[in-house]
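Biologist: Could you take me through this structure, starting with how you decide what to call a salt bridge? I'd like to have it open while we talk.

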Amino acid sequence: MAIRRSGLIPRKTIPARRSIETTNDFNEVIGITNQSFNALQCTVQPMIGGSMTPDLIGYADREIYTLYTETMLIEGIEGTNRKPDEVFINGKWFKVIRSKSWSVGIIPHYECVVVEKDEGLV
């Protein structure tokens, strides 16, 4: 009797959030609010060390995954008020450090590298 495999990796919905800074008239941050949403049709895979640039220096003690999703996730831009999106995986929050569009055809698709968030930092 032959075993039939569909060949499809199961996809799931993952909770996500986007941090939005509130500033005063002097452009000083006076608060941060989180806007919740869902990352749809996700697969989560272990990060392969050699495929990340820059090197994993500074992330050696944190979990790192490659996340594939049809939801556009944004990475933060250092020196600006644009914060990275965050996703909730296995009971921990992870921040998006790289997001790349793989949109081919009708369905959008994104490859994101996510790193376990240091809860001591904002």
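Modeller: A salt bridge here is a side-chain nitrogen of Lys or Arg within 4 Å of a carboxyl oxygen of Asp or Glu. Please keep in mind that this is a predicted model.

Biologist: Fine, so how many salt bridges turn up in the whole structure?
Modeller: The search of the whole structure finds 7 salt bridges. One of them joins Glu86 to Arg17, with the closest N and O atoms 2.5 Å apart.

Biologist: And where do Glu86 and Arg17 lie?
Modeller: Glu86 lies in strand E4, which covers residues 86–89, while Arg17 is in strand E1, so the pair ties together parts that are 69 residues apart in sequence.

Biologist: Are Glu86 and Arg17 buried or exposed?
Modeller: Both Glu86 and Arg17 are buried.

Biologist: What about the ring that the charged end of Arg17 sits over?
Modeller: That ring belongs to Trp93, and the charged end of Arg17 is 3.8 Å from the ring's centre.

Biologist: Let's stay with aromatics; how many aromatic pairs are there?
Modeller: There are 3 aromatic pairs. In the pair of Phe88 and Trp93, the ring centres are 5.0 Å apart and the planes are at 55°, so the pair is described as tilted. Phe88 has a relative accessibility of 31% and therefore counts as partly exposed.

Biologist: Back to the salt bridges: which residue does Glu21 meet?
Modeller: The side chain of Glu21 meets that of Lys83 in a salt bridge, at 3.2 Å from N to O. Glu21 lies in strand E1 and Lys83 in the loop between strand E3 (64–69) and E4, so this pair ties together parts that are 62 residues apart in sequence. Glu21 counts as buried at 16% relative accessibility, whereas Lys83, at 25%, counts as partly exposed.

Biologist: And what does Glu111 pair with?
Modeller: Glu111 forms a salt bridge with Lys100, where the closest N and O atoms are 3.3 Å apart. Glu111 is in strand E6 (residues 110–116) and Lys100 in strand E5 (residues 92–101), 11 residues apart. With a relative accessible area of 13%, Glu111 is buried, while Lys100 counts as partly exposed at 42% relative accessibility.

Biologist: Over how many bridges do E1 and E2 pair?
Modeller: Strand E1 (residues 12–23) and strand E2 (residues 29–46) pair in the antiparallel sense over 11 bridges.

Biologist: Since a cysteine has come up, how many disulfides are found?
Modeller: The search of the whole structure finds 0 disulfides. Cys42 is in no disulfide, and its nearest cysteine sulfur, that of Cys112, is 8.5 Å away.

Biologist: Is Cys42 buried or exposed, and how does Cys112 count?
Modeller: Cys42 counts as buried at 1% relative accessibility, and Cys112 counts as buried at 0%.

Methods
Residues are numbered from 1 along each chain as its sequence is written. This is a predicted model: local features need pLDDT of at least 70, side-chain atom pairs count only at pLDDT 80 or more; totals for chains, interfaces and linings use all residues. Side-chain values use heavy atoms; hydrogens and water are left out. Two strands pair if DSSP finds at least two bridges between them. Helices (H or I, at least four residues) and strands (E, at least two) are DSSP runs, numbered from the N terminus. Rings of Phe, Tyr and Trp (its six-membered ring) pair if their centres lie within 6.5 Å; planes under 30 degrees apart count as stacked, over 60 as edge-to-face and the rest as tilted. Buried means under 20% relative accessible area, exposed over 50%, partly exposed in between (1.4 Å probe, protein chains only). A charge sits over a ring if NZ of Lys or CZ of Arg is within 6 Å of the ring centre and within 35 degrees of the ring normal. A disulfide is a pair of cysteine sulfur atoms within 2.5 Å.
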